[in-house]
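Subject: Structure for you to look at

Hi,

Here is the structure I promised to pass on. Please have a look at it first, and then read my notes below.

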Amino acid sequence: MDMFLSQMLNGLQLGSIYALVALGYTMVYGIILLLNFAHGDIIMVGAYVSWLVMAQLGLSPVVAVLLSVAACTLVGVLIDKVAYAPLRNAPRLSILITAIGVSYFLENGAQLVFGADAKRVPAFTDLQTIQLGGLSLSFPAVATVLVTIVATVALTLLVQKSKLGKAMRAVSEDMGAARLMGINVNSTISFTFAVGSALAGIGAVLYAMAYTQASPTMGMMLGTKAFVAAVLGGIGSIPGAVVGGLIVGFAEMVVTALGLSVWKDAVVFLLLIIVLVVRPTGIFGRTMSEKV
Amino acid sequence: MTEKRPIISAGGRGQGAPDARRTLPMPVRYAINAVLVLVILVVGELMIDGGAITRYQSTVLEQVGIYIILAVSLNIATGYLGQLPLGHAGFMSVGAYGCSIFVIHMSEALGVGARDFVTGTPVTAALVLGGLIVGGICAAVAGLIIGIPALRLKGDYLAIITLAFAEIIRVVMLNIDGVLGIELTGGAAGLTGIPSYSSFLLVFGCVALVCFLTHTMMKSRHGRAILAIRDNEIAAEATGVNTTYYKTLAFVVSAFFAGVAGGLYAGCIGVLQPAYFGFMKSIEILVMVVLGGMGSMLGSALSATVLTILPEALRAFSEYRMIAYAVVLILVMIFRPQGLLGSYDFSLSRVIERVMNRDFPWTRRAARADAGKEVGDDGR
């Protein structure tokens, strides 16, 4: 029973990290229809910043968390301004290839600066387990789940209730019409990138907490799987990203628990293919009719 | 303001009607190109035999040829069909494993040693050709299995589903031995003992064949249908093009050639590991196609050549190579999204015809300016 509960918590933890990253994918895709391949690598940047601040500079974990999130936000906005903004009206394929280029750049840049081997990120807290009734639960896992819930609620409020959120929804619905209504489209897009990247920064801290390492290519698999999660849930939908993330997390947990961990990547991708074939817009996705 | 051209031309250069233009008959065109390819193959082979090209250089040349096939084959799906598959390395790995497993097991059954592949006997030639075809067919089957569900989706979804399939292929190659209980792919340790059957002649013979087949396909009715789908899928469907059939066809042909290239790759490096065929390999091939110009076979071939030779030449800067790749990719997309050559393709016959007609760029520009003036005069 205890074993089962801790496995469930592991799945929930992994799923929460995927969900946070998937939220970033979903927001960017929702607004400019761009599959932001570099999103996974933004997480890598965040993890390296955590490592730099704590292991190299010896500052407190609180500073590390703040700096990681700030660095991710900055990198995200910078990528948008430098690489994507000049291509706003270009064919989709060109922007997609640019995104692949940015991802490639970040990965190899990190490899050049920090070396190819993984760096060990120190523990954020001394507290490793917490007692709840008769159960002892892993503290990072509980923190991850709680942070994800808070972040999702905050994001939903931001998108649904605030003025900026209204602008974001308007731009994602019709960019031209939004511009005519006096919405500053470029700054709205930048804001979307900032929010998505900040979420990735939080994801990076939680990832570093769970797996205590940073490596140049860590963003690749994590990002790809988070994207799978976003597509599973229906890209462009916030609850979809969370549900998708949890599904992917649990699927991996189940496969690992069955002793088939070498197949877990294949299972996740197979899940994606099945969902895309059966329901091409994902679980919560809206069907878009094609204009001629 | 675009240049005005007369709608009904009376041959603006006072040289008679346009149908008086002298052209080369098709058999002559084919003959010229065939002779050219033969000359290149023979000269290359003689230089290798004579020692003018070292063993190392000829290995690099073989890799250039393999990457040309990969880039040209991806160009079918990217440049001509207008989709973005991110799993080309997956097809390549299926072809590589299919071909080398066939060759290894058949040569064991027929009692052919590894030495025979270097010297070359009729049996080994047949084995290698058979292996390449088996590899190509394996990859084509994989392409068909992937293509049918994938091509129902568009753009990014297609990109991500092909990426997913390529990753699944990699995981399967890694773990299939444990499931089947027999030694097939060798898992993470890799498949060893592949005879080194790739040679300059074989690789560049395949390059010529692949380019020829691709070219003729694209100039045929089927190629036009594929181009029509790229330009506007809905319009193509409305004019009676069976879009599903032609999309799958282009995808399968692209996968087949990638499989052949994989087979050649296996014979060139001698060891296969699933890790060789990761996402990065797909991106590397994609960079070649994008850089050269999507839809230009010459562009794909040229950038494949440059991007294979350059890293060898700049071994000292290998750390910066990948960053340079990334920066170049971004810059090209921002400043020249259609690629360096766009959709321009070189045709020797066209050049010869131009010379026959004394139709040079400089005379033509003057003629076009004259024609524009005529129209402008009538119009106003």
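**What I found**

A:Val62 sits in helix α3 (residues 61-84) of chain A; helices here are DSSP runs of H or I with at least four residues, strands are runs of E with at least two, and both are numbered from the N terminus. This is a predicted model, in which local features need pLDDT of at least 70 and side-chain atom pairs count only at pLDDT 80 or more, while totals for chains, interfaces and linings use all residues. Residues are numbered from 1 along each chain as its sequence is written, and chains are lettered from A and ligands numbered from 1 in the order in which they are written.

A:Val62 counts as exposed because it has 10 C-beta neighbours inside 10 Å (buried means 20 or more other C-beta atoms within 10 Å, exposed 12 or fewer, partly exposed in between, with C-beta atoms placed from the backbone). Its C-alpha atom is separated by 26 Å from that of A:Gly245, 183 residues apart along the chain.

A:Gly245 turns up again where α10(A) meets α9(A). The axes of α9 (residues 218-233) and α10 (residues 238-257) of chain A come within 7 Å and cross at roughly 125 degrees, so α9(A) is oblique to α10(A). Axes are lines fitted to C-alpha atoms, for helices over the stretch in contact, with angles from 0 to 180 degrees between N-to-C directions; under 35 degrees is roughly parallel, over 145 roughly antiparallel, 65 to 115 roughly perpendicular, and the rest oblique.

Two residues of chain A other than glycine have a positive phi. A:Leu33, with phi near 55 degrees, is in the loop between α1 (2-32) and α2 (39-56). For A:Thr212 phi is near 45 degrees, and the loop runs between α8 (185-211) and β4 (213-214). Both are partly exposed: A:Leu33 has 16 other C-beta atoms within 10 Å, and A:Thr212 has 17.

On to the interface: 30 residues of chain B are in contact with 34 residues of chain A (contact means C-beta atoms, placed from the backbone, within 7 Å). On the chain B side, α6(B) gives the most, with 12 residues.

Finally, the buried residues of α7(B) include B:Leu202, B:Phe204 and B:Met218. Among the elements that cover the buried residues of α7(B) are α1 (26-50) and α12 (297-313) of chain B.

Best wishes

Key: Contact = placed C-beta atoms within 7 Å.
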